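Hi there,

Here is the structure I promised to hand over. Have a look at it first, and then read on for what turned up in it.

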Amino acid sequence: MSATAIRDLEAELGGRPPAGLEALTDAQLSSFTDALHDAKLRQSEALRSAVEEALEIVPRLVRGPVRKILFG
Amino acid sequence: MTSLLNVDVEIIKLARLVDREPKDLEHLRGVDPQDIRDLREQVTVVMFDADRQMLQRVASATKLIPTKLAALIGERAFGPLLCARLTGLLEPSRAVDIAARLPTPFLTDLAIELDPRRASRVIAEIPPQQIAEITKLLAERGEHIAMGGFVGHLSEAALRAAIAVVSDEALLRTAYVIESKGSIGALVATLPTERLEAIIATATAAELWIEALDVLGHVSERQRGQLGDIAAGQADEVLDGMVRAAQRELLWDDVLPVTRAMSAESRARFAALKSIHTRPVLASIVDAASRHSLWPELLQLLPLLPAAARRRVAALGTGFGRPVLQQIVGAAHQQGLWGPLLQFAAELERRTQVLIAKLLAAVADDVLDAMLDAVWEERLEPELAHLASLLTSDEMRSFSERLVARGGEEFVAALREAAEARELADLSEALAAA
């Protein structure tokens, strides 16, 4: 385990990972860091497209106020 | 006691959070389960907070549209994962109203993605009937881990409704993976005796004693006793199933506390089981008692075992050193088990008996008083006399003086009588001279 691999995971987690993870190899740590990074990206993308789709469903009458709450 | 955390369960939960298969996180298997749980807590925060600003805005915007439309949008546009992220951000009563308009399969998918701790108020307000419908589907899908996450958050009525729709096997599997182990007692408390009997029989039929013993490790002492009594009332095959599982998985440190909590009658029934009288099983039980300081539990069982089994335990005790014997003497004192200890000591080989005699001769006055009370009440003078006779002359003289000082004349007379009956002249003389 290198300091870089732990730092990358720390950046994704926003905090120091549990000490036990230091026993993992760099490749294992990076694999988990990538999984977390991808999951966050996928979630953000899913939310973005869900909001767009929701706006299509919301009746025209309230679409403006809803849009205002969502995007300011 | 088995680990409070199960590494498989922790990996499954973590994999779900990062949308991977558990096999993708196999390399975590060597990591301490508590560390995996801590990591999962961190990842949960990350995933629930990643888009928090936008999710919060969506939750606010939901107030502008009718419930029916909110449910439609939730189902069509957001899907179960994002709805799970949103649930805790909605006004609970509003979330419950929306949930009432969503189909059960959708809510089941949502439940799998939900962090119940972040939506506890919503979960508590969902009607029991709806909880039962969701639970039924979760159970059909084998989602015991998801079900286990909800237990501590359900109202009693909802918990009862959920329990009513799942099989005994699903209930055991769920109890094993309950997130808040402290809730297991509340779960058990809702179950009638007949259901508990069926669950215990299922533990053998479905080979789920690991799960069942884990449950027994997390209930109150009173419940442990109640469940132990129910188990002891089962047929031999059921209990033999438990013995096999305990032996195979080395779970005697889970079983012994159950024997402690059960009634004397149940304990006698357990001790009479042929399957625990074999040398390998007895060796595992003695080993568990030694490693987990469960000597009181073992001492309680010993007098109930048949003579042949007791002799096997005594043979195993041959290897006990002074520190272990000291623990056993301490346990006998703390739990008032002098009778079983002295009777067991009588069956040990001489070298170990000498070690015990030396320990007894050196105990503090309050411990000696308690032992002498037990000897007097249980008429154990022959056993004590035999042990005392194994001491050296100096030790015997000194111990005799203490016996006279602490036990009184009547007690010493009874002890001398026992010594003479056993032709222990040295001890009899030492007692007379003291």
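Let's begin with a helix pair in chain B. B:Leu55, B:Val58, B:Ala59 and B:Thr62 of α3(B) meet B:Ala70, B:Arg85 and B:Leu86 of α4(B); residues count as in contact if their C-beta atoms, placed from the backbone, lie within 7 Å. Sorted by class, the residues of this contact are five nonpolar, one polar and one charged. Here Ala, Val, Leu, Ile, Met, Phe, Trp, Tyr, Cys and Pro count as nonpolar, Asp, Glu, Lys and Arg as charged, and the others, Gly among them, as polar. Helices are DSSP runs of H or I with at least four residues, numbered from the N terminus.

Before going further, a word on the model: it is predicted, local features need pLDDT of at least 70, side-chain atom pairs count only at pLDDT 80 or more, and totals for chains, interfaces and linings use all residues. Residues are numbered from 1 along each chain as its sequence is written, while chains are lettered from A and ligands numbered from 1 in the order in which they are written.

Back to that pair: α3(B) (residues 52-62) packs against α4(B) at an angle of about 145 degrees, and their axes are 12 Å apart. Axes are lines fitted to C-alpha atoms, for helices over the stretch in contact, and angles run from 0 to 180 degrees between N-to-C directions. The crossing is left-handed, meaning that the near helix is turned anticlockwise from the far one by less than a right angle (clockwise would be right-handed).

A second pair in chain B is α22(B) (residues 322-334) and α24(B) (residues 350-361), whose axes come within 10 Å and cross at roughly 55 degrees. These two helices are therefore oblique to each other (under 35 degrees is roughly parallel, over 145 roughly antiparallel, 65 to 115 roughly perpendicular, and the rest oblique). Their crossing is right-handed. B:Arg322, B:Leu325, B:Gln326 and B:Val329 make the contact from α22(B), with B:Leu355, B:Ile356, B:Leu359 and B:Leu360 from α24(B).

The largest nonpolar core has 137 residues, and B:Ala212, B:Leu298, B:Leu341 and B:Ala388 have the most contacts inside it. Such a core is a set of buried Ala, Val, Leu, Ile, Met, Phe, Trp, Tyr and Cys residues joined through C-beta atoms within 7 Å. Buried means 20 or more other C-beta atoms within 10 Å of the residue's own, exposed 12 or fewer, and partly exposed in between. Helix α4(B) (residues 67-87) gives the largest share of this core, 10 residues. Apart from it lies another core of 18 residues, including A:Leu9, A:Leu21, A:Leu29 and B:Ile11.

How do the chains meet? The contact takes 31 residues from chain A and 31 residues from chain B. On chain A's side, the largest share, 15 residues, comes from α2(A). By class, that side has 22 nonpolar, six polar and three charged residues.

Finally, two loop residues of chain B deserve a look. B:Asp19, in the loop between α1 and α2 of chain B, has a positive phi near 60 degrees although it is not glycine. B:Leu250, in the loop between α16 and α17 of chain B, has a positive phi near 55 degrees and is likewise a residue other than glycine.

Happy exploring!

Technical notes: Contact = placed C-beta atoms within 7 Å.
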